[in-house]
Amino acid sequence: MPDYPPRNGRKALITGITGQDGSYLAELLLNKGYEVWGMVRRSSSFNTCRIDHIYQDPHEPDVRLQLVFGDLNDASSINHILKTVRPDEIYNLAAQSHVKVSFEIPEYTGDVTGLGAVRLLDAMRELGLEARFYQASSSELYGKALETPQTETTPFYPRSPYGVAKAYAFHITRNYRESYGFFAVNGILFNHESPRRGETFVTRKISRAVANIVAGRQQGMYLGNLDARRDWGFAGDYVDAMWRMLQTDEPDDYVIATGETHSVREFCELAFQVADMPLTWEGSGLDEVGITSDGTVRVRIDPRYFRPAEVDLLLGDASKARRELGWEPKVHFEELVRMMVEADLKLLGH
Ligand code: NDP
Ligand code: GDR
């Protein structure tokens with residue numbers, strides 16, 4: 001078992017503990033002496049690979065990490081978990097979090113990503129549970145950004161069923177704060193990535209493709225909109241901001257971002273540079289993918305990855321978080337790209 005500091009007497013519940021952020025947040029809280037409870041979904045195959053390294057057999061003495069079955073679609077499981085665990089802090093990270101997929105399953109996305117938040121909040125109200133509540137809000141709320149950079153006061157204009165569901169979750173969190181005096185906060189986090197990022201988000205899709213091409217397992221790559229710009233940070237830095245938001249005197253909402261924006265094209269070009277592989281966008285037709293005779297990798301655009309409505313430009317201003325939470329990002333764009341490509345190369349033995 002990892003050597004954790006003495007217990008700090010506090011219990012945290014994380015929904016979405018098996019996801020990218022859940023795994024980093026669980027590590028952070030365990031290293032601060034919390035007892036961590038994670039809600040996991042039943043799956044026909046193991047879905048805990050991101051937390052296997054911190055998993056503890058429940059028979060071990062002084063167990064710090066406990067997993068319980070539940071689902072954000074299922075209010076009875078949520079009520080049961082809150083009643084039995086009675087956490088001091090709740091981090092609601094669970095969601096159907098893929099923007100493109102939300103266009104295929106809009107109702108389900110609304111149910112999990114939107115209504116999931118109110119199921120938790122209302123269970124707290126029913127039980128009279130005075131836990132502090134963190135809602136994983138998103139820069140997707142800004143969508144067709146009405147001002148740049150985006151701050152806590154920029155109006156929302158979501159552009160996907162996912163963004164709309166997150167808007168509901170944002171407002172219901174604020175509403176429970178104002179209606180019932182809950183310590184409930186929204187972290188409006190801009191994109192954050194890591195070697196644990198889901199494989200179908202664009203950054204990880206690229207870093208994996210680079211590694212696969214180096215290893216001779218993949219020929220070329222297909223992408224969608226190369227001109228979309230995102231403010232990409234490192235997930236490990238961002239979970240620290242989540243924790244800080246629950247330690248303040250007064251609950252409030254905060255933007256978390258690096259303040260730098262880059263296009264998908266730039267991310268891709270840098271990722272191939274890290275592996276020292278030349279890349280070309282030249283040529284046309286989906287069949288013209290693969291590696292040219294001089295070893296240059298061709299990347300092609302496949303319209304199937306376009307979204308019915310796109311978010312073109314995100315750039316966050318995290319001044320309030322810097323000022324009031326003492327938070328700032330440590331990892332910047334180039335280091336992030338390098339970290340992800342090197343991690344995927346290492347996974348394949350390179
Ligand atoms: P992931 O997609 O990696 O993780 C999502 C988690 O939610 C997984 O643990 C998943 O479980 C769980 N989950 C999905 N549906 C349900 C459900 N019905 N009931 C219970 N659990 C469920 O997301 P991230 O870690 O990247 O993001 C964490 C949160 O932050 C999400 O809410 C996301 O929308 C939000 N966010 C993320 C940003 C980012 O850039 N990463 C930026 C801003 C907000 P399983 O493993 O079983 O699928
Ligand atoms: P995003 O992340 O939609 O910003 O949501 P994603 O990595 O999926 O897309 C970023 C941008 O890249 C463009 N793109 C592609 N995207 C994917 N997935 N696959 C491709 O092949 C591809 N080619 C180009 C997209 O069009 C888009 O513009 C993420 C999620 O983590 C959300 O849960 C979170 O709320 C937001 O970040 C902030």
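D276 lies in the loop between α8 and β13 (279–280); helices here are DSSP runs of H or I with at least four residues, strands are runs of E with at least two, and both are numbered from the N terminus. This is a predicted model, in which local features need pLDDT of at least 70, side-chain atom pairs count only at pLDDT 80 or more, and totals for chains, interfaces and linings use all residues. Residues are numbered from 1 along each chain as its sequence is written, and chains are lettered from A and ligands numbered from 1 in the order in which they are written.

To continue with D276: its phi is near 60 degrees, a positive value in a residue other than glycine. Most residues other than glycine have a negative phi, and most peptide bonds are trans. D276 counts as exposed because 7 C-beta neighbours lie inside 10 Å; the cut-offs are 20 or more other C-beta atoms within 10 Å for buried, 12 or fewer for exposed, and partly exposed in between, with C-beta atoms placed from the backbone.

A positive phi is also found at R86, near 45 degrees. R86 sits in the loop between α2 (75–85) and β4 (89–92). With 14 other C-beta atoms within 10 Å, R86 is partly exposed.

The peptide bond between T148 and P149 is cis, with omega about -5 degrees. P149 belongs to the loop between β5 and α5 (161–180).

I turn now to helix packing. Two packed helices are described by the angle between their axes and the distance between the axes. Helix α8 (residues 264–274) and helix α10 (residues 333–347) have axes that come within 9 Å and cross at roughly 55 degrees; axes are lines fitted to C-alpha atoms, for helices over the stretch in contact, and angles run from 0 to 180 degrees between N-to-C directions. From α8, the contact uses F267, L270, A271 and V274, and from α10, E334, V337, R338 and V341, where contact means that C-beta atoms, placed from the backbone, lie within 7 Å. By class, this contact has 6 nonpolar, no polar and 2 charged residues; Ala, Val, Leu, Ile, Met, Phe, Trp, Tyr, Cys and Pro count as nonpolar, Asp, Glu, Lys and Arg as charged, and the others, Gly among them, as polar.

Helix α1 (residues 20–30) and helix α7 (residues 235–245) pack at about 65 degrees, their axes 9 Å apart. Q20, D21, Y24, L25 and L28 of α1 meet A235, G236, V239, D240, M242 and W243 of α7. This contact comprises 7 nonpolar, 2 polar and 2 charged residues.

Finally, F103 is placed in helix α3. F103 touches S160, P161, R307 and P308, not counting residues up to four places away in sequence. F103 and P308 are 205 residues apart in sequence, and 7.8 Å apart in space, C-alpha to C-alpha.

Definitions and conventions. Two residues are in contact if their C-beta atoms, placed from the backbone, lie within 7 Å.
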